[in-house]
Amino acid sequence: MTVSEAPGAVVLELAGIDKRFGALHANAHIDLSLREGEVLALLGENGAGKTTLMNILFGHYVADGGEVRVAGAQGLEPLPGGSPAAALAAGIGMVHQHFTLAENLSGFENIVLGTEPVLRLWRRAAQARERVEQTMAESGLAVDLDAPVERLSVGEKQRVEILKALYRRVRVLVLDEPTAVLTPQEAEGLFAVLRRLTSRGLAVIFISHKLNEVLAISGRIAVLRAGRKVGEVAAREADRRLLAELMVGREVPAGTRAEQASGAPVLQLSSVDAGTDTSRALREATLAVHAGEIVGVAGVSGNGQAALAALVAGLEAPAAGEMRLFGEPVRRHSPRAFVARAIARIPEDRHRDGIVGSMSVAENLVIEDVRHRDYQRAGFLRFGAVRRRAEAAIRDYDVRCPGPDAPARLLSGGNMQKLILARVLARGPRLILANQPSRGLDVGAQADVHRRLLAARAAGAAVLLISEDLDELLQLSDRVLVMHRGRVTDAGPTAQLDRARVGLLMAGHGDAAPG
Amino acid sequence: MIALEPRQRLAWHQPLLASAGAGVAALLLVAIPIASAGVPLGEAYRLMAAGAFGSVFALSETLTRATPLMLTGLAAAVAFRAKLWNIGGEGQLYAGALAAVAVGSGALAGPAPLLVALVLLAGALAGALVMLGPAWLKMRFGADEVVTTLLLNFVIILFVQMMLEGPLQDPMGLGWPQSPPIVDEAALPPLLARTRLHAGLYVALAAALAVWVLLNRTVLGFEMRAVGENQAAARFAGIAITRTMLVTALISGALAGLAGVGEVAGLKGYLTADLSPGFGYAGIVVAMLAGLSPLGVVVAAVFIAGVFVGADSMSRATGVSNYLADLVVATALLCVLIGGFLTRFRVRLAARAGG
């Protein structure tokens, strides 16, 4: 699976890059070198310094120390710092996680945009077109050049982005979390393209935190942790365990799912339509989640998961069809009614829906139960009770914070998630909606979320787990459902699950799959 | 290049410094117009300070001015905490004043404590009722309350003028558009002989304390803050947004209504269409200067009132127009906005090579 083991000359060298933001040492004397024809993976948790390093490479930041060198006519030449134009001229290109395309222009126009003098575009269009088509043929990246970008799929948009870089004759291509938005098949397609491009001499820096992918595509893996390069290993000598430990700096205990029989149905949807935005609505969804099981929902984001989550969170009522909780039809669709019925809800966007940043950790912990008589008397808050709850939660869930009275916005993403878990799991929930529960968390915090969900399952809770991370779904779920364009397909028990079939279902080829 | 970095932590004194700094900056900036009017600066500031705080009488005048400002300031602060932009304090003040004269100018008779309580209640209710319309329009149609409450000010003031030239005109008033006087039993008693200070000050101070308790010690206040700080999270957590907004609107209107009661039942004794020189709007500045803190409102109201009274006094002595006070108030609002920005962000002047 790895790329050619005979890389060429060094094209890029980062020597002793150092950058501080106040007290934060974002990059501490980092050395990296990149050779022609190789894929170098840059692995690290959020905040490890990957983005800072790439921003220095592109001249968005000026390093406090060290030098970027690029192969030139006289060997390696230093690249002037702080100049994006110089980086572009030196043949360094980047595909961002969030695309930078003009949606109303065609793929072709996006590719040539900015490379031609504005007033002469029409004259040289034919030549440019020829070159774009040649680039497309050489790289194996096929896209409809004439359709407006807004009508292209996410995978196609990514191809346009890569073509844009190749058209500018890049020698070094940086891909930032390129597979986050792709189905497994699309990711495989991307890897095939990358192998083809590297065999022609392109050097690639592949930024990711997904261990499997990094192992599959790269030749060498550099691991960053807390601003330092803590390791550089050849991919064939590495495994998931080693990489995870390098990233986190300690051993990461994985949660394991013990076999257990599931109980009575807790959440049932039959032919439910929900959501107003037609492209993202839920259509004729039928599913059931039973006590003591985790049901995973796979799918590329934007295929109706948000509507499903809103339904189970109590934010929306079905437009058609029937929703049952604990065997009975739901009469009151509201967050408060759902909380009262022991439904734990972990929102997808914890900053927007999960946390009131300026309120304290303690206040955020009781926000769902503030009207419960444990926490108020005659409309007045019972501070002692609120504080005791907060202290217990901080202790039991290891929420790292300055104290119960600290504003919640000071917490890191992982600790915010722990706060939310402490809030919703404390009351012994019977149904848990976990929407992207470990998104953006580091490996350690992720493992923590997983253990909590598995413990809740063992305690008999029904869990609906919506996630874009297929590894997470396969690790935790008893059964997997796949969403595509608002429709839900049952992919079956995880034990008999075929990754390829899940991928096909995610891409909407339900009929192409056997069974 | 100028870079802005959000500050992670705010020490408790930083917002305080921003407010105090804004007040001082506003006072210093008016040095420019004072100087251009040809008045020696030291003298002008000395006269202003003496006029506002220099004697028992000066202080009593300042506190009398501060009384309605505290209540309209609280009205704005409560609403703004829940991100309900009530700009209609002026109209609600007039509605409260109108209700006070309707109830307290002879329509009802009774012992003083009862009648005073009734007048206060009527004024608060009237102010709250005025907010019902904008609140309903916002919840039903998403109408922007900035527009509805602001425009309602003019509607109410015109309505008051109509009443003063019609049903509520004083038959003994020689045709002037003014209401009959508040009867003695309904009047807020004076606090200090030979001053205009009245019991409305106690009402305002009690209201500040009550709002502080509401916001910091009650479930309703908890919910108001949650709705104001992050409405999506509040909704997700099961807080009834509509109900919280509605209650906030009513409380805010009631506080502004009380300001109107104080002015007619404590100070003027009868209602005219020029009862308030913009106390409703100045209340917004008071609330912003106070950082929306109810106890801060008391301090900010005294400051703004001192500026008004002091500028009046200075203008009598030097001939500089007392519009200067409005200038200070307006400048203070701008300064507090800048101050708030500077407390939230750290501004760095970063050199950028090659850029």
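Residues are numbered from 1 along each chain as its sequence is written, while chains are lettered from A and ligands numbered from 1 in the order in which they are written. Because the model is predicted, local features need pLDDT of at least 70 and side-chain atom pairs count only at pLDDT 80 or more, whereas totals for chains, interfaces and linings use all residues.

**Chain A as a whole**

Chain A holds 17 helices and 22 strands, where helices (H or I, at least four residues) and strands (E, at least two) are DSSP runs numbered from the N terminus. Its C-alpha atoms fill a box of roughly 80 × 55 × 45 Å along the principal axes. Among contacts between residues at least 6 apart in sequence, 68% join residues at least 24 apart, a contact being a pair whose C-beta atoms, placed from the backbone, lie within 7 Å.

**Strands of chain A**

An open antiparallel sheet of chain A has four strands in the order β2-β1-β4-β5. Since β2 (24–35) and β5 (75–78) of chain A stand at the edges with a single partner strand each, one side of each is left without a neighbour in the sheet.

| Strands of chain A | Bridges | One facing pair |
|---|---|---|
| β1 (residues 10–21) and β4 (residues 65–72) | five bridges | A:Asp18 and A:Gly65 |
| β9 (residues 220–225) and β10 (residues 228–234) | six bridges | A:Ile221 and A:Val233 |

The strands β9(A) and β10(A) form a hairpin with two residues between them, and A:Ala226 in the turn has a positive phi of about 50 degrees.

A:Ala203 is found in strand β8 (residues 203–208) of chain A, and this residue counts as buried because it has 28 C-beta neighbours inside 10 Å. Leaving aside neighbours within four places in sequence, the contacts of A:Ala203 include A:Val11, A:Leu34 and A:Val172.

**Two helices of chain B**

The axes of helix α12 (residues 279–289) and helix α14 (residues 323–344) of chain B come within 9 Å and cross at roughly 35 degrees; axes are lines fitted to C-alpha atoms, for helices over the stretch in contact, and angles run from 0 to 180 degrees between N-to-C directions. By class, their contact has eight nonpolar, no polar and no charged residues, where Ala, Val, Leu, Ile, Met, Phe, Trp, Tyr, Cys and Pro count as nonpolar, Asp, Glu, Lys and Arg as charged, and the others, Gly among them, as polar.

**Where the chains meet**

The contact between the chains takes 29 residues from chain A and 22 residues from chain B. On the side of chain A that touches chain B, α10 (335–340), α11 (350–354) and β18 (380–381) of chain A each supply at least two residues, and by class this side has 14 nonpolar, nine polar and six charged residues.

Key. Two residues are in contact if their C-beta atoms, placed from the backbone, lie within 7 Å. Two strands pair if DSSP finds at least two bridges between them. A residue is buried if 20 or more other C-beta atoms lie within 10 Å of its own, exposed if 12 or fewer, and partly exposed in between; C-beta atoms are placed from the backbone.
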